[in-house]
Amino acid sequence: MDNKCLWDPDRYYNVSRWSDGYFAINNNGSLTVLPGKSTDKPTIILQDVIDEMTSQKIEFPAVIRFHDVLRSQVKLLNKSFEQFIEDFDYEGRFTGVFPIKVNQMREVVEEIVDAGSPYNYGLEAGSKAELLAVLAYNDNRNSLTILNGYKDYDYLRLALLGTKMGKNMVIVIENVSEVAAIIETSKEFQVKPLIGLRSKLSAKSRGKWASSSGDRAKFGLTVAEILAAIKMLKDHKMEDCIKLFHFHIGSQISDVRVFKDAINEGARIYSKLCKLGIPLEYFDVGGGLAIDYDGSSSTNDSSRNYSVNEYATDIISSLKDICDEEGVDDPNIVSESGRFITAHHSCVITRVIDEIKPYSNTFDTRKQSGEHSIVRNIREAEKILTEKNFQEIYNDANGYREDCYNAFKLGILELEERAKIETIFWRIMQKIDVILKTQEFIPEDLQGLDDLLAKQYLCNFSVFQSAADSWAIGQVLPVVPISRLNEEPTELCSLVDITCDSDGKICHFIDYEDINSKSVKLHTFNGEPYYVGLFLTGAYQDVMGDMHNLFGRLNEVHVFTDADDESNFYIEEVIKGNSAENVLSTMQYNPDYMAAKVKNSIDKQIKDGKIAAREGVKLNDFYESCLKSYTYLKV
Ligand SMILES: *Cc1c(COP(=O)(O)O)cnc(C)c1O
């Protein structure tokens, strides 16, 4: 059998599992995008997009957005609920909202509102700035605008301004102290708002966002507080405003049983409130619908053990059962899924620009007279290494290296000798690694050797800007080379970025045998530019990035599918990333002033005869052009 047949790139990078049908690997070993989730529809080769960007002089790293994927996810969520509402003869409607905090980019929000208009899909805001945006951008009068987060008087006034504009603004009470403020502002504006009550459920979430629920949750009302809030509203004849019951138990809920628990508890509270005469109409299940980042379909923090269809059926059937039992009408269902809507549609493309090895094999380690005994000993250990004694030699080599550092600190070893010992040490480790590949049993001590020997591929990007969750909470994001996928990769490596921060690295990867692997296999350099993609970055990653080292926002292109086009796509829009002067300005620098200062110094050097006038002009132009350039490396 041809060796190539054994290499299955899809199995190794798990593409067909994490991509939910939006990405695949073609027969030529290229990563492709299937915006319609199906091979019958136009398929885009990612390398073609990169080539077109290169010809348009768009520098990398860059974000590529596939707006068709965004539209597809909006449709999928809404259709799924519509379908099962019909199948279950459920009497309420589905009326979801997109929480813009997940990706506030205007183009993303506009696309979602447009794709969601047949379903009256609305928006959710959690701050004043977000509220200002949704007031202007949710122009569907039949949809909801849901307002969460802590609110001051201006927040509430803006909400009521929306009500006066004829929009279905729902103010969700997160905290008892907001009730009095809502009563006061609605009197001031002489308009009755729609009010939601956020409940603090006892059902506990799990995973990285577990603290969104339970006793110590930041938001939400206990049952006692809900009853107190209702009483206050009743006292002002405003109980008829209470229309929505809300909870949000956390993001990326990996286990569907956690949802079921929450729905059951929430449905009981909802029903009993209805029976108290509160005219509730909406049951808002918040966000939390998870993404299978590692493709394992499990309860791993970076995965989920359910599909969107299962999510929708569980919500609908549980609600129906409990409402029937309690004898109340089926409520309209609201979901605030954000991650699910946006994660797939964008990716970050970065070029690998160098490799960093923990060792170098080039130093001359040949014997010289008068060498220290540690050098002799480790050289001897290398000589006698076999498949039988590798564990012993591993221990010895580590011992000699330890001795080496101690002797060096005492001034007994010369630089040359230390260099030899280190070089031989790493050579022994590489040889043992080769032996381990033939062994059935690997001793525990030696199990991390692979990762110890792994290279670091230096990539032109910033983890802090483009993969915040990988850095902050160890979230797995799929990393896949864009081409050469029919060629088995040989380099086990982790990715490091160009920030001056040792935390600036990605060392959580998918591995189909061992989830949370610290390294991934990539290809050796062959002289061609080598691009890797970081996928599922459309939720939170796109907008949470920070300016560490003043690497700013990335260049961005918006790609649309076009069956009439030769390459099946066109780039609709290019959004320039930050230039050096953009990021400097945010830190209060004045680029014009800086340029003038530098020019002054150069002029002085010219006047003093230290540099030629012609050279001075060139240096000055160079400084100014760098101010206007992209912050990332020019490669
Ligand atoms: C963050 C948030 C969401 C979105 O959660 P996802 O897990 O991204 O779906 C929804 N509702 C509220 C109140 C939130 O705070």
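## Helix α14

F390, I393, Y394, A397, C404 and A407 are the buried residues of α14, where buried means under 20% relative accessible area, exposed over 50%, and partly exposed in between (1.4 Å probe, protein chains only). They cover an arc of only 155° around the axis, so they sit on the same side of α14; the arc is that of the directions from the helix axis to the C-beta atoms. As background, an α-helix has 3.6 residues a turn, so residues three or four places apart point the same way.

How does the span of α14 hold up? At 1.5 Å a residue, the 20 residues of α14 (residues 390-409) should span 28 Å, and the end C-alpha atoms are 29 Å apart, which agrees. The expected span is 1.5 Å times one less than the number of residues. Helices (H or I, at least four residues) and strands (E, at least two) are DSSP runs, numbered from the N terminus.

## What you're looking at

This is a predicted model, so local features need pLDDT of at least 70 and side-chain atom pairs count only at pLDDT 80 or more, while totals for chains, interfaces and linings use all residues. Residues are numbered from 1 along each chain as its sequence is written, and side-chain values use heavy atoms, with hydrogens and water left out.

## Domains

The domain assignment gives domain 1 (373-450) and domain 2 (581-628); such bounds come from an automatic or database assignment. The C-alpha centres of domain 1 and domain 2 are 52 Å apart.

## Cavities

Searching the whole structure turns up three cavities of 30 Å³ or more. On a 1 Å grid over the protein atoms alone, a cavity is a set of points where a 1.4 Å probe fits but cannot get out, and lining residues have an atom within 4 Å of a point. The largest cavity holds about 90 Å³ of space, a volume being the space filled by probe spheres set on the points, with grid points joined across faces, edges and corners.

Its lining residues include V63, R65, Q465, S466, Q541 and D542. The elements giving two or more residues to that lining are β4 (62-66), α17 (463-466) and α19 (541-544). By class, the lining has three nonpolar, four polar and four charged residues. Here Ala, Val, Leu, Ile, Met, Phe, Trp, Tyr, Cys and Pro count as nonpolar, Asp, Glu, Lys and Arg as charged, and the others, Gly among them, as polar.

E124 is in strand β6 (residues 122-125) and counts as buried, at 7% relative accessibility. H558, in strand β20 (residues 555-561), counts as buried at 0%.

Key. 1 Å grid on protein atoms, 1.4 Å probe; cavity = no way out; pocket = protein on both sides within 12 Å on 5 of 7 lines; lining within 4 Å.
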